[in-house]
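Let me put the structure up, and then I'll walk you through it strand by strand.

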Amino acid sequence: MQEQKELKSREELELKRDLYLKKKQEEQKKQEEQGNLQQTQEQTEGLQFEVKLDAGDFWKFSLYHSMSGMKGVFNILFTVAALFLLITRWGVLASGQRLLLVICALIFTVWQPLLLWKKARTQARQPAMQIPMLLTFGTEGLRVEQNEQNVEFTWEQMGRMERTPSMIILYMDRVHAYLLPKRIMGEREEALCRMARVYLQSHQLKNI
């Protein structure tokens, strides 16, 4: 009698496990189908963003460039060295030397960001920046529309794409770039990254 109860209990557990696994497989299959459907729609219909940049967007872009690569390393080392000398040599430095080191410590932490903010505000006030741009990404590439004018780029014509904490930057060459702030992309950010991974080479992508 006891053996029959144990056998029945094991059969019930196995049945529950089989039902759980089957349900889990069905959910995974449904998610995959939805993902494939979404990806197909993205590729056929494209991803469209209406972009109007403000001073904050230009400022973040400028700060990113000033603090990236060797420039950023130099800025950090320069500031740290100035602060180190101020702290360790304060008692033996003359007032003029102290003032000079204070200025050095503030150049890249206060002065440069303020200058970049002033430049960003001026750039954002330009008449061309007051007109939104419509960026459409599709299988053929990128179409840019602004003020009844449009230009198209193939994926092969694009330079590289980088993701920062606040935006995605699409560099066309060393001079020209398109900015896509995260506040504009919203939930479609990952969809754009998926598309970029399909059409761009790995060396053209950074944090994508």
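So, β6 and strand β7, residues 177–181, pair in the antiparallel sense over 5 bridges. When I say "strand" I mean a DSSP run of E with at least two residues, a helix is a run of H or I with at least four, and both are numbered from the N terminus. And "pair" means that DSSP finds at least two bridges between the strands. For anyone new to this, strands of a sheet pair through backbone hydrogen bonds, either parallel or antiparallel. Here M167 stands opposite P181 in β7, and β6 and β7 form a hairpin with 5 residues between them.

Now look at the other partner. β5 and β6 also pair in the antiparallel sense, over 4 bridges, with R163 having I168 in β6 as its bridge partner. That's a hairpin too, with 3 residues between the strands.

Residues are numbered from 1 along each chain as its sequence is written, and side-chain values use heavy atoms, with hydrogens and water left out. pLDDT is the predictor's confidence in each residue, from 0 to 100. The mean for the protein is 85, and 81% of its residues reach 70 or more. Confidence is highest in β6, residues 167–171, at a mean of 96, and lowest in helix α1, residues 2–45, at 60. Where pLDDT is low, the predicted coordinates should not be read in detail.

Next, the open sheet. It has 4 strands in the order β1-β2-β3-β4, with antiparallel pairing. The twist averages 15° from one strand to the next. Inside the sheet, β2 (residues 133–137) and β3 (residues 141–146) pair over 4 bridges, and F137 stands opposite L142 in β3. Helix α6, residues 189–199, lies across β1 and β2 and runs at about 120° to β1. Those angles run from 0 to 180 degrees between N-to-C directions, with axes fitted to C-alpha atoms, for helices over the stretch in contact.

Leaving aside neighbours within four places in sequence, Q157 is in contact (heavy atoms within 4.5 Å) with E152 and M172. Its side chain also reaches the backbone nitrogen of T154 at 2.8 Å.

Finally, zoom out. The protein has 6 helices and 8 strands, and buried residues make up 30% of its 208 residues. Among contacts between residues at least 6 apart in sequence, 57% join residues at least 24 apart. That's me done, thanks!

Note on methods
Predicted model: local features only at pLDDT ≥ 70, side-chain atom pairs only at ≥ 80, totals over all residues. Polar contact = N/O pair within 3.5 Å; in protein donor to acceptor, adjacent residues only side chain to side chain. Buried < 20%, exposed > 50% of the residue type's maximum accessible area, 1.4 Å probe, protein only.
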